[in-house]
Amino acid sequence: MSARIGCRDLRVSARGQEMLHVEQLDVTAGATLAVLGPNGAGKSTLLRALAQIGGHLRTGQVLLDGQPAGHREMRAAVAAVLQRPILRRGTVAANAASGLRLRGVGRAEAARRSAPWLAKLGVGHLAGRDARTLSGGEAQRVALARALAVTPRVLLLDEPFAGLDATTRTDLLADLRAVLDNLDTATVLVTHDRHEAHALAEETALLVDGRIRQHGATSQVLDHPVDTECARLVGYTNLLPPALTGQPDLLVARPERCHPLPNGTIPPPDSITVRGTVRRVVPLGGGTRVDLDPEPAGNTLACLIPADSELKTRPGHPATITIATADLRPVAARSEDRIAIRVPLPDPLA
């Protein structure tokens with residue numbers, strides 16, 4: 001299937017400094033691409049460049065259905081939803097119809113075409129309410145309805161779940177996924193949250209320092225980072241160097257996969273163990289975080305254990321953590337030193 005939106009050698013600069021360089025990116029009709037990256041990585045800059053808006057210097061090509069596209073073509077094809085929805089004075093219904101009205105659609109027709117989107121996004125019952133009285137989650141649903149009502153060929157979502165509480169965010173994720181599954185729209189979602197990427201996107205690109213560091217199927221990218229920066233982005237925040245594990249590669253692990261071992265307990269098979277001293281123990285409501293300073297010296301390792309765990313440990317006490325080899329990933333320390341993903345590690349205790 002050919003790409004609905006894409007770019008080639010896209011560069012964005014400001015005050016003589018390059019902010020973004022994407023050699024190639026394509027999103028097909030009906031697909032969602034998540035662009036995951038830390039603050040300042042260039043995620044929003046990429047969206048503005050694809051939409052052909054903003055005052056920064058751009059070079060390269062933005063493609064729409066395989067053809068170079070400028071501001072006029074993209075304005076007709078694109079709808080965007082921002083992190084903080086901008087709603088006009090007036091009713092929810094009027095706001096949902098405003099995108100169509102700006103495109104020259106008559107008032108009655110715009111209302112007819114936008115009303116189903118309010119219903120699909122769970123805010124149809126609010127159509128007559130003043131938009132300024134909405135909660136954050138409700139306002140974001142109205143902004144999404146407004147964008148979808150224009151039947152965009154390309155939908156750009158710039159951190160649309162930021163600032164929402166956990167329940168509101170989860171509900172909106174589920175409703176939006178159901179909507180996107182039935183569209184022929186190419187969607188680009190900018191986020192810093194891997195769970196949002198997993199819920200909505202078939203493909204994920206990791207953007208670091210204005211460059212795409214890793215791109216592929218979402219399940220592969222989120223579970224097999226290629227270097228330490230990508231690993232941190234997708235939750236593999238524990239770094240275990242060869243001196244700590246006896247393995248040839250730098251390894252990474254997620255904190256929830258690192259388990260403190262009760263005293264006198266034999267480590268499970270097919271795992272590695274790391275000994276050290278407890279730095280701190282932090283209750284987190286649904287669980288407890290235990291930080292360990294490993295021996296020999298290395299980066300502090302974090303473990304997340306259930307709140308009802310019977311394990312008792314205190315700062316300054318010796319402790320041992322165990323990590324299943326299936327939960328470890330080999331990575332490169334630097335992007336230019338990327339290594340191939342290897343088969344599960346052998347048990348170093350065997």
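Colleague: Which residues are linked in a network of salt bridges?

Modeller: Arg4, Asp65, Arg153 and Asp184 are. A salt bridge here is a side-chain nitrogen of Lys or Arg within 4 Å of a carboxyl oxygen of Asp or Glu. Before we go on: this is a predicted model, where local features need pLDDT of at least 70 and side-chain atom pairs count only at pLDDT 80 or more, while totals for chains, interfaces and linings use all residues. Residues are numbered from 1 along each chain as its sequence is written, and side-chain values use heavy atoms, with hydrogens and water left out.

Colleague: OK, how many salt bridges does the count come to?

Modeller: By that rule, 23 salt bridges.

Colleague: What does arginine 329 form a salt bridge with?

Modeller: With aspartate 223, and the closest N and O atoms are 2.9 Å apart. Arginine 329 sits in strand S18 and aspartate 223 in helix H8 (residues 218-223), so the pair ties together parts that are 106 residues apart in sequence. Helices (H or I, at least four residues) and strands (E, at least two) are DSSP runs, numbered from the N terminus.

Colleague: Is arginine 329 buried or exposed?

Modeller: Buried, with a relative accessible area of 11%. Aspartate 223 counts as partly exposed, at 26%. Buried means under 20% relative accessible area, exposed over 50%, and partly exposed in between (1.4 Å probe, protein chains only).

Colleague: Switching topic: what does S18 pair with?

Modeller: Strand S18 (residues 329-331) pairs with S12 in the antiparallel sense, over three bridges. Two strands pair if DSSP finds at least two bridges between them. In that pairing, leucine 251 stands opposite proline 330.

Colleague: And which residues cover the faces of S12?

Modeller: In strand S12 (residues 250-253), Leu250 and Val252 are on one side and Leu251 and Ala253 on the other, all of them buried. In a regular strand the side chains alternate between the two faces of the sheet.

Colleague: What about the five-strand sheet, what's the order?

Modeller: The open sheet runs S13-S17-S14-S15-S16, with antiparallel pairing. Strand S13 (259-260) and strand S16 (301-306) are the edge strands, each pairing on one side only.

Colleague: Where does S14 meet S17?

Modeller: Strand S14 (residues 271-283) is joined to strand S17 (residues 318-324) by seven bridges. For instance, arginine 275 stands opposite threonine 320 in S17.
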